Amino acid sequence: LMVNGSESGIRSRNYGTGELIITSSGAVTGSEKYGIEAFNSSSGTDLTLWTAVVTGVRKGIDAFNFGSGDLRIVNTGSVGGTGGDGISAVNSGADLIIDTSFVRGDEDGIDVFNRGSGVLSITTSGDISGFRRDGISAINYGSDLQLSSMAVTGRNRGIYARNDGSGALSITSSGAVRGTGDESIGIYAKNYGTDLTLETSEVWGGYRGIYARNDGSGALSITSSGEVTGL
């Protein structure tokens, strides 16, 4: 069913001891603020969103998990933030998992921050774009940072990934990753954990195609099946 809100489409806050689950099979629209706004307090456990089409002005999806469990966002349709991020998520629990298709943000397409104890995992099956900032911005303080994408476009950086966690940083892209601005970088990857692994196809940046720095304890590996260009 469709959900329309003059401010947010769905606004949900959990201060209880259990999990917060939001399931939507129809279009959700927030005309002034967020498509879906979800908050899970430190008393709770997991925060889970199962969505189809979500559109908001400030952000399409805005999710905060301060509970002890996982933050998981699964989207089978599209997410749009017409004046801000498409998907924004902050996790202080265990794992932060994003599984989505098409995402477009006026600022970042996907902007996620994991300060939980577990893995930060992003899987995309459609185009991701950030009109004014990054296509995907991912910062991790947990264990591994894993990113698997198709086409990603951002003005500043197509993909920005920073792993301050204890594990590996891995980026696999089967589509073109582009930074469209004059000083942009296609893929920016910085790791303080163990291994840093990039497997890409076409990568383009206005300044650099790929910037990869591994300050971790493991190996740095870059494999590209397409052209990598920095002007």
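The points below cover the sheet, the salt bridges and several single residues of this predicted model.

1. Basis. This is a predicted model, in which local features need pLDDT of at least 70, side-chain atom pairs count only at pLDDT 80 or more, and totals for chains, interfaces and linings use all residues. Residues are numbered from 1 along each chain as its sequence is written, and side-chain values use heavy atoms, with hydrogens and water left out.

2. The sheet. Nine strands form an open sheet with parallel pairing, in the order S2-S5-S7-S9-S12-S15-S18-S21-S24. The edges are strand S2 (10-14) and strand S24 (208-214); each has a single partner strand, so one side of each is left without a neighbour in the sheet. From one strand to the next the twist averages 0°. Strands here are DSSP runs of E of at least two residues, helices are runs of H or I of at least four residues, and both are numbered from the N terminus. Two strands pair if DSSP finds at least two bridges between them. For the angles, axes are lines fitted to C-alpha atoms, for helices over the stretch in contact, and values run from 0 to 180 degrees between N-to-C directions.

3. Strands S5 and S7. Strand S5 (residues 34-40) and strand S7 (residues 59-65) run parallel and are joined by six bridges. Within this pairing, Glu 37 has Asp 62 in S7 as its bridge partner.

4. Glu 37 and Arg 11. Glu 37 also forms a salt bridge with Arg 11, with the closest N and O atoms 3.3 Å apart. This pair links distant parts of the chain, since Glu 37 is in strand S5 and Arg 11 in strand S2, 26 residues apart. A salt bridge is taken as a side-chain nitrogen of Lys or Arg within 4 Å of a carboxyl oxygen of Asp or Glu, and a search of the whole structure finds 13 of them. Glu 37 counts as buried because its relative accessibility is 13%, whereas Arg 11 is exposed at 55%. The cut-offs are under 20% relative accessible area for buried, over 50% for exposed and in between for partly exposed (1.4 Å probe, protein chains only).

5. Asp 106 and Arg 132. The side chains of these two residues meet in a salt bridge of 2.9 Å, N to O. Asp 106 is in the loop between S11 and S12, and Arg 132 is in the loop between strand S14 (128-130) and strand S15 (134-140), 26 residues apart. Asp 106 is buried at 14% relative accessibility, while Arg 132 is partly exposed at 41%.

6. Arg 178 and Glu 202. In this salt bridge the closest N and O atoms are 2.6 Å apart. Arg 178 lies in strand S20 (residues 177-179) and Glu 202 in the loop between strand S22 (196-200) and strand S23 (203-205), so the pair ties together parts that are 24 residues apart in sequence. Arg 178 is partly exposed at 31% relative accessibility, and Glu 202 is partly exposed at 31%.

7. A network. Salt bridges that share partners join Asp 85, Asp 106, Glu 107, Asp 108, Arg 132 and Arg 133 into one network.

8. Asp 108. This residue is in the loop between strand S11 (102-105) and strand S12 (110-114). Asp 108 counts as buried because its relative accessibility is 4%. A polar atom of its side chain lies 2.8 Å from the backbone nitrogen of Asp 134. Not counting residues up to four places away in sequence, Asp 108 touches Gly 84, Asp 85, Gly 86, Ser 129, Gly 130, Arg 133, Asp 134 and Gly 135. Contact means heavy atoms within 4.5 Å.

9. Asn 65. Asn 65 lies in strand S7 and is buried, at 0% relative accessibility. Its side chain makes a polar contact of 2.8 Å with the side chain of Asn 91. A polar contact is a pair of N or O atoms within 3.5 Å; within protein, one must be able to donate a hydrogen and the other to accept it, and residues adjacent in sequence count only if both atoms are side-chain atoms. Beyond four places in sequence, the residues touched by Asn 65 include Asn 40, Thr 45, Leu 47 and Asp 70.

10. Leu 231. Leu 231 is in the segment after strand S26 (228-230) and is exposed, with a relative accessible area of 66%. Leaving aside neighbours within four places in sequence, Leu 231 is in contact with Trp 204, Gly 205, Gly 206 and Tyr 207.
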